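Reader: I'd like a close look at one part of this model, the helix packing, with the cut-offs spelled out as you go. Could you walk me through it in one go?

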Amino acid sequence: MKRVFVPVATMLGIQVMVSFSVIALSVMMPVVAKDLAIEPKLVGLFVAATYAVAAGIALAAAGPVVRLGSVRISQAALLMGAIGLALNSAGMVATTVLAVLFIGGAQGPINPASAHILSQRVPREYFGAVFSLKQTGVPIGFALAGLILPQLLGWVGWRGASLVAAGAALLTALAVELLRPGLDTRMTEGKRGPSIWHSIRFVMAHPQLRVLGCSAFVYVSAQHTFTFYLVTYLYEHCHLTIVQAGGLLSASQLVGTAVRLVSGGMGDRVPRMKLLGWTGIAMTAGCIATGLLPSDAPFWVITVVVMGYGSVVISWNGTSQAEFAHLSPPGQAAALAAVQTSLAFMGSVFGPPIFALLATTIDYRAAFLFVAACVFAAALWQILAARAQGSELGHRFDL
């Protein structure tokens, strides 16, 4: 139990803090934008820059993770997040842009680091449950940001809130040092893994991994347009207060956390590709419903729609990562996770800016409907791929 519990708890805690750091600027954006005299919808460009950096760092992270250890690399990521949040507190457009880049660097290596340590400590038959448990750190971090940061805005302003968040990231990096020697010493043994270019070619040539990777690109676009735009959308379109909107973001992340755990457990018992496809169908329905919310919708209607969409749009990631790890050859989990993470993060590079462009030039409804159409196409692709995979396995069994 200790062999599994300690690394899972460690990587979960790190994921919570990194996710808190990543979402912090988006939660504070309505107030930050007002003080800096910039358009709140520019959060889409900030998200794109964050994940462009994260995608590059993710690809480069696999080698250092194997050589230096998962926890050591994660500590470096937490330090970058702390620096970024501290820079944001300076209250200038230039330092906020720099903050975005540092926070992107914090996000990049976490999934490869987690895949490396968990794939070696956790039995394969529990990959779905454990990887989904670790990924609950994302909605938990987002939920904590939605709860805590709006309150801090009223107490210490957004500059003070940025410094508090920076201090929390730094303290987390220091705290996990107590566990690092035991975890990283055992994880750095072995030969140097394959090059990242070999891993990219492997993923693109593999029929299941290719579908999973490309679908992750689309699903993350939906996930992050929801997560990073929800507060601004509800504030501007539905006329909620920042505290109300932040509370709904927090609640949706908590509901999504529970659904993510259920999805991970189901993925250990049913074909994960099929499960991911039907999750995408549910995401499509939730995205359409969110985009069709009228500006004068009652608060209870907004709550039901947001909870429904949030419960599925963040539920898929752990299942997808578990399938990647399951299909990875021995010793290559970190490298292939780096490819999947980079593909997923590229969805954040392109998705939020396109969403922002449509929301600005047309309206929010058009933006949500565009995302829904893309998710629906990816969901169908995965369902068809799952059927083809099942048919292939059936033929092999007959032979």
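Author: **A buried helix and its surroundings**

Helix α14 (residues 317–327) has 9 of its 11 residues buried, so it is largely enclosed by the rest of the structure. Buried here means under 20% relative accessible area, exposed means over 50%, and partly exposed is anything in between (1.4 Å probe, protein chains only). Helices are DSSP runs of H or I with at least four residues, numbered from the N terminus.

Before going on, some ground rules: this is a predicted model, local features need pLDDT of at least 70, side-chain atom pairs count only at pLDDT 80 or more, and totals for chains, interfaces and linings use all residues. Residues are numbered from 1 along each chain as its sequence is written, and side-chain values use heavy atoms, with hydrogens and water left out.

Back to α14: its buried residues are Asn317, Gly318, Thr319, Ser320, Gln321, Ala322, Glu323, Phe324 and Ala325. Glu323 is the one to zoom in on, since it counts as buried at 9% relative accessibility. Its side chain makes a polar contact with the side chain of Arg272, at 2.7 Å. A polar contact is a pair of N or O atoms within 3.5 Å; within protein, one must be able to donate a hydrogen and the other to accept it, and residues adjacent in sequence count only if both atoms are side-chain atoms. Setting aside neighbours within four places in sequence, Glu323 is in contact (heavy atoms within 4.5 Å) with Leu212 and Arg272.

Those partners lead on to another helix pair. The axes of α10 (residues 207–236) and α12 (residues 272–291) come within 11 Å and cross at roughly 25°. Axes are lines fitted to C-alpha atoms, for helices over the stretch in contact, and angles run from 0 to 180 degrees between N-to-C directions. α10 and α12 are therefore roughly parallel to each other; angles under 35 degrees get that label, over 145 is roughly antiparallel, 65 to 115 roughly perpendicular, and the rest oblique. The contact is made by Gln208, Val211, Leu212, Tyr219, Ala222 and Tyr233 of α10, and by Met273, Leu276, Gly277, Gly280, Met283, Thr290 and Gly291 of α12. By class, that's 8 nonpolar, 5 polar and no charged residues. Ala, Val, Leu, Ile, Met, Phe, Trp, Tyr, Cys and Pro count as nonpolar, Asp, Glu, Lys and Arg as charged, and the others, Gly among them, as polar.

The C-alpha atoms of Phe370 and Ala222 are separated by 9.8 Å, though they are 148 residues apart along the chain. Phe370 counts as partly exposed, at 38% relative accessibility, and touches Ile354 and Leu358, not counting residues up to four places away in sequence.

For another pair, take α3 (residues 70–88) and α7 (residues 137–175), which pack at an angle of about 165° with their axes 8 Å apart. α3 and α7 are therefore roughly antiparallel to each other. Their contact includes Leu78 of α3 and Thr172 of α7, and its residues divide into 12 nonpolar, 4 polar and no charged. Thr172 counts as buried at 18% relative accessibility. Not counting residues up to four places away in sequence, Thr172 touches Gly13, Met17 and Leu78.

How values were computed: Helices (H or I, at least four residues) and strands (E, at least two) are DSSP runs, numbered from the N terminus.
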